[in-house]
Amino acid sequence: MTLWLYGLIPHLKAFHIVTLAVWCAGLFALPLMLARHEPAIGPADYSRIRRASHYSYTFVVTPAAVLAIASGTALVFLREVFVPWMFAKLVFVAFLVIFHAWLGHVLVTVAETEGRHTPPEPTAPMLILLAPVVVILALVLGKPDLGQIPMPDWLSQPQGRQLPFDVPRR
Ligand code: HEM
């Protein structure tokens, strides 16, 4: 790989960490904000919290998620980390993406759908979210050797089968 691309790695990693920090902070903050979507707080406060949660989700947390995933994907190729701990990390990142989508669904239901909707209690969602975040950090910072974990043959050996579509050849 050309040298200047390697020079990008520290900057891209810093960018990755900033964006994922914003993403994760938003995933923890939004359940707390959603819990305040309670008509009893009065129309002015309700409208303020509704607008704050909507704009945070749309203009801060979702773009941060996209940028964290894009910069992480670029880092996979630049650092050539095609190793088991990285694939395990991606499984847990998928949980964050599911949590993100669930928050969007709750936001629309609670704040933008007619009728009375009770926001979910924030404690359980935040504890559930903590699990994948801690596991991701442990995997990425500890970089454990997961190569010893037994895998079925069909996952670890070439099967020599044809792909169901044609692959362009160089
Ligand atoms: C699709 C999403 C993601 C991908 C593809 C990805 C990929 C990567 C890659 C390739 C690195 C560089 C690893 C190295 O230099 O050895 C990295 C670093 C890092 N990632 Fe991610 N990442 C993603 C999401 C996340 C998330 C959600 C978190 C935290 C909750 C996270 C936390 C970190 C941290 C703390 C580092 C710095 C680790 C170090 O340099 O020792 N990443 N990521």
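In this predicted model, an N or O atom in the side chain of Arg 79 lies 2.4 Å from an oxygen atom of the ligand, a polar contact in the sense of a pair of N or O atoms within 3.5 Å. Lys 13 also places a polar side-chain atom 2.7 Å from a ligand oxygen atom, while Lys 89 has a side-chain N or O atom 2.6 Å from a nitrogen atom of the ligand. In total, 22 residues surround the ligand, and His 16 and Lys 143 are listed among the closest; a residue counts as near if one of its heavy atoms lies within 4 Å. Residues are numbered from 1 along each chain as its sequence is written, and side-chain values use heavy atoms, without hydrogens and water. As the model is predicted, local features need pLDDT of at least 70 and side-chain atom pairs pLDDT 80 or more, whereas totals for chains, interfaces and linings use all residues.

Helices here are DSSP runs (H or I, at least four residues) numbered from the N terminus. Helix H3 (residues 84-112) packs against helix H4 (residues 123-142) at about 155°, with axes 9 Å apart; H3 is therefore roughly antiparallel to H4. Axes are lines fitted to C-alpha atoms over the stretch in contact, and angles between N-to-C directions run from 0 to 180 degrees; those over 145 degrees count as roughly antiparallel, those under 35 as roughly parallel, 65 to 115 as roughly perpendicular and the rest as oblique. Contact (heavy atoms within 4.5 Å) involves residues including Lys 89, Phe 92 and Phe 99 of H3 and Leu 129, Ile 136 and Leu 139 of H4. By class, this contact has 16 nonpolar, no polar and one charged residues, where Ala, Val, Leu, Ile, Met, Phe, Trp, Tyr, Cys and Pro are nonpolar, Asp, Glu, Lys and Arg charged, and the others, Gly among them, polar.

Helix H1 (residues 3-35) crosses H3 at roughly 40°, the axes coming within 11 Å, so H1 and H3 are oblique to each other. Lys 89 of H3 takes part here too, and His 16 is one of the H1 residues involved. The contact of H1 with H3 divides into 13 nonpolar, two polar and one charged residues.

Helix H2 (residues 43-79) and H3 pack at about 160°, their axes 11 Å apart, and are therefore roughly antiparallel. Among the residues that meet are Tyr 46, Arg 50 and Tyr 57 in H2 and His 100, Leu 107 and Glu 112 in H3. This contact comprises 13 nonpolar, five polar and two charged residues.

Definitions and conventions:
Helices (H or I, at least four residues) and strands (E, at least two) are DSSP runs, numbered from the N terminus. A polar contact is a pair of N or O atoms within 3.5 Å; within protein, one must be able to donate a hydrogen and the other to accept it, and residues adjacent in sequence count only if both atoms are side-chain atoms.
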